[in-house]
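Q: Please show me how to read a few features here, one at a time.

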Amino acid sequence: MYMFLHMNKFITMESSTLEENNPQSQAPKLNFILKLKENLVFKSKWAELNGAMGDLGTYIPIVLALTLASHLNLGTTLIFTGVYNFVTGAIYGVPMPVQPMKSIAAVAISNPDFGIPEVMAAGICTAGILFVLGVTGLMQIVYRLIPISVVRGIQLAQGLSFAMTAVKYIKNVQDFAKSKSGGQRDWVGLDGLLLALICAVFIVIVNGAGDDDDDDRVDNPESGCREKVHKIIFSLPSAFLIFLLGVVLAIIRGPNAIKGFKFGPSRIDVMSISKHAWKQGFIKGTIPQLPLSVLNSVIAVCKLSTDLFPEREVTATSVSMTVGLMNLIGCWFGAMPCCHGAGGLAGQYKFGGRSGGCVALLGVAKLVLGLVLGSSMVKVLTQFPVGVLGVLLLFAGIELAMCARDMNTKEEAFVVLVCTSVSLVGSSAALGFLCGIVVHLLLKMRNMGSNGQSCSNVIWFHRNP
């Protein structure tokens with residue numbers, strides 16, 4: 001946080017100097033610096049710090065599982081994802097998350113023959129396709145044509161999926177290396193069920209349902225003692241405090257992990273990918289990942305960003321290109337394939353993230369850990385209370401699922417529920433999307449005769465903004 005405060009001061013001083021010396025010749029550079037400062041500035045220091053923790057319920061379990069099961073280079077992944085976080089925060093000015101590509105990770109964890117070369121090949125192929133879709137403008141066309149009810153169905157399905165996974169983390173002992181759940185979690189202990197429930201109650205008390213009018217309600221200058229106490233409680237950085245508790249408990253559970261720290265970054269090598277790895281990576285990794293990336297990492301993210309930050313322009317073209325560029329660079333050096341995600345954005349917003357500075361702060365933390373401790377960080381992560389991560393993931397999933405609350409007509413709600421049901425039961429966002437589109441078309445065709453719509457209006461969907 002202090003680094004960002006000094007950075008903001010430096011940017012302000014630099015911009016003033018440029019303006020005084022040569023305002024005309026330095027205008028483009030000045031505008032760029034001012035835009036960077038605007039995107040990275042904190043709306044509220046504690047709230048942004050708290051929001052940075054909102055995505056860790058997804059990030060840590062998948063990274064830990066890939067590190068243990070597939071020997072992912074954790075140090076390299078921390079460094080590159082830290083850079084991704086900082087750059088995307090500066091570009092978009094919103095808490096744009098950087099998450100693992102979940103389908104690729106799932107294949108790697110469950111299939112011992114799908115190693116790191118195959119993982120990187122899958123990430124590069126997925127990134128190349130997304131980058132081409134972005135550069136050509138095709139992604140923006142797709143985004144504008146997809147009905148909002150189908151987008152809400154995808155968001156609701158992803159949110160409920162996160163919530164169900166979170167409950168599993170809270171209730172059962174997890175073996176991330178094998179991607180399996182064990183027996184029931186003990187009630188009492190440093191990773192007990194009681195601890196997770198206390199954390200969940202604490203978040204509900206502090207954050208409530210995530211209403212933005214909480215601050216307005218407690219900022220009344222005529223507030224009495226009770227309102228001032230409420231203000232203090234409501235302003236607590238709940239996710240950050242819970243994460244700090246998890247770190248302390250991890251150190252207590254595995255004190256030898258600290259002794260095993262090796263200072264310095266992990267070795268970064270250029271990946272060698274065989275023809276067989278390219279083939280397997282594309283067939284087993286890219287093909288199942290691509291629909292999820294298009295729907296959740298681009299389209300759902302853009303729609304959610306527009307809902308939460310209408311003053312910010314986040315286009316499907318730019319998001320598709322940044323996902324592509326991240327992996328076209330990082331995967332060649334062994335960094336985990338990454339994308340943006342609506343769940344991560346919802347989680348960071350839930351806990352107070354309102355600017356690009358939120359994710360940039362998280363990026364700096366990852367970068368420092370990657371450079372200072374490298375892959376030895378995995379020894380602490382293995383001891384981190386999984387139930388605590390489940391609590392963070394639970395509220396991120398609920399926040400994403402609540403996006404569907406703006407569907408006002410029965411027809412829209414019907415499409416949302418069809419899309420959600422098929423996505424969850426069929427374990428495929430692509431299948432749910434396809435069914436949602438078909439149902440939307442059928443309903444439009446059914447209404448065509450009664451309200452005089454033309455065939456073109458049936459095919460040309462209601463556009464997203």
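A: The model is predicted: local features need pLDDT of at least 70, side-chain atom pairs count only at pLDDT 80 or more, and totals for chains, interfaces and linings use all residues. Residues are numbered from 1 along each chain as its sequence is written, and side-chain values use heavy atoms, without hydrogens and water.

Q: Is C338 buried or exposed?

A: Buried means under 20% relative accessible area, exposed over 50%, partly exposed in between (1.4 Å probe, protein chains only). C338 has 0% relative accessibility, so C338 counts as buried.

Q: Where is T58, and what does T58 touch?

A: T58 sits in helix α4, residues 56–70; helices are DSSP runs of H or I with at least four residues, strands are E runs of at least two, numbered from the N terminus. At 7% relative accessibility, T58 is buried. Contact means heavy atoms within 4.5 Å. Leaving out residues up to four places away in sequence, T58 touches Q99, K102, F162 and L393.

Q: Where is W187, and is W187 buried or exposed?

A: W187 lies in the loop between β3 (180–184) and α10 (193–207). Its relative accessible area is 53%, so W187 is exposed.
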